[in-house]
Amino acid sequence: MERDEKSTAYLNGRGAQLNTDNRFLKNTVSKEYIEAIDDWEVLNEKTTFIIGSAKSIVNKVESPDVGMMYSLNPYQGCEHGCIYCYARNSHEYWGFSAGLDFERKIIVKEDAPQLFKKFIEKKNWPAYPISISGNTDCYQPCERKYKLTRQLLQIALAYKQPISMITKNSLILRDLDVIQEMAKQNLISVFVSITSLNENLRQKLEPRTTTAKQRLKVIEQLSKANVPMGVMAAPMIPGLNNHEIPEILKASANAGAIAAGYTIVRLNGAIGNIFKDWLEKNFPDRFEKVWHQIQDCHNGNVNDSRFGTRMRGEGNFAQLVNHTFKLHCRLNKLNQKKIELDSSLFKKPQAQLHLF
């Protein structure tokens with residue numbers, strides 16, 4: 001069937017090309033199967049920012065396979081527009097779509113610094129490391145304006161609260177002064193996410209992120225500042241970027257990374273339709289191959305929610321990726337020592353804390 005040109009116009013600068021249905025709303029309008037629609041014009045609207053508030057900002061992580069105990073996210077939704085992002089589904093809780101809404105309707109939690117301070121001042125708080133960006137990137141472009149992440153780091157430094165971070169944005173270098181002071185006391189570690197060293201692929205997968213070259217620069221500069229650095233080669237997508245594992249790990253190790261991790265792509269919830277639409281539009285020549293290889297990693301599905309297997313997948317292809325990752329970690333001397341932050345220094349400042 002020949003599709004209407006207007007309905008399939010590609011939205012440059014966006015990952016998702018449609019808004020999927022919100023499972024929590026009774027009445028929604030969504031674009032899921034454009035073959036059945038005569039005419040549907042999608043406007044590439046500007047990103048809007050919604051000031052939100054919450055009762056708490058630090059969440060206990062119940063999932064045993066994500067490598068963190070507590071997480072903190074100052075923003076909901078993400079301008080980066082990564083097509084594969086597992087956090088897209090969480091946007092439905094706010095009444096939005098996991099598709100285009102996720103990357104162009106950003107909720108800014110302006111009270112995050114105050115809520116963070118309130119949380120770590122709880123009686124008998126053991127100062128467990130808190131991960132900033134467990135869901136969405138804390139250094140997405142709007143951080144340049146709102147500076148919530150910088151305020152969070154300033155509070156963490158004042159209280160000697162250990163922090164782990166993951167980002168794919170070079171904006172983190174703006175806060176080198178605070179991060180370096182935290183590193184001197186073993187209070188911070190940083191992972192940089194690198195999905196591909198291929199700039200053409202990066203622009204399609206992650207349209208509003210910084211280049212891989214800039215991310216390697218982040219690893220290099222923070223490593224020189226004695227910040228424990230890691231690389232997250234994630235997600236690995238069969239037939240698209242899995243062959244890049246050796247290069248990503250080598251380049252990251254050469255830049256100063258001492259740790260590495262990876263995941264196999266999983267298309268949970270609404271992300272399945274979003275990713276499928278994107279894959280058909282960007283890689284029609286290998287759509288079937290990539291889609292079926294993703295299914296091969298998840299027992300015939302594109303998602304597996306079981307703890308222990310959901311991040312790594314199973315089957316021959318997933319096993320090959322795992323062996324390749326472990327081999328090149330050894331060759332590049334990655335993960336030889338576990339990064340452990342110091343919680344023993346935690347102490348509430350004696351004087352009134354003035355940061356805002």
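**Exercise 1.** Determine how helix α7 and helix α8 pack against each other, and state the angle and the distance between their axes.

*Solution.* Step 1: helix α7 comprises residues 212-224 and helix α8 residues 245-255; helices are DSSP runs of H or I with at least four residues, strands are E runs with at least two, and both are numbered from the N terminus. The model is predicted: local features need pLDDT of at least 70, side-chain atom pairs count only at pLDDT 80 or more, and totals for chains, interfaces and linings use all residues. Residues are numbered from 1 along each chain as its sequence is written, and side-chain values use heavy atoms, with hydrogens and water left out.

Step 1: the axes of α7 and α8 lie 8 Å apart at an angle of about 30° (axes are lines fitted to C-alpha atoms over the stretch in contact, and angles run from 0 to 180 degrees between N-to-C directions).

**Exercise 2.** Identify the residues through which α7 and α8 meet, and classify them.

*Solution.* Step 1: α7 contributes Leu216, Ile219, Glu220 and Ser223, and α8 contributes Ala251, Ser252 and Ala255; contact means heavy atoms within 4.5 Å.

Step 1: sorted by class, this contact of α7 with α8 has four nonpolar, two polar and one charged residues (Ala, Val, Leu, Ile, Met, Phe, Trp, Tyr, Cys and Pro count as nonpolar, Asp, Glu, Lys and Arg as charged, the others, Gly among them, as polar).

**Exercise 3.** Locate the salt bridge between Arg150 and Asp175, and decide whether the two residues are buried or exposed.

*Solution.* Step 1: the whole structure holds 15 salt bridges, each a side-chain nitrogen of Lys or Arg within 4 Å of a carboxyl oxygen of Asp or Glu. In one of them, Arg150 and Asp175 meet at 2.9 Å, N to O.

Step 1: Arg150 belongs to helix α4 (residues 148-159), while Asp175 lies in the loop between β7 (163-167) and α5 (176-184), so that the pair, 25 residues apart, links distant parts of the chain.

Step 2: both Arg150 and Asp175 are buried (under 20% relative accessible area; exposed is over 50%, partly exposed in between, with a 1.4 Å probe and protein chains only).

**Exercise 4.** Describe the salt bridge between Lys281 and Asp277.

*Solution.* Step 1: their closest N and O atoms are 3.3 Å apart.

Step 1: Lys281 and Asp277 are separated by about one helical turn, because they stand four residues apart in helix α9 (residues 271-282).

Step 2: Lys281 is partly exposed at 23% relative accessibility, whereas Asp277 is buried at 9%.
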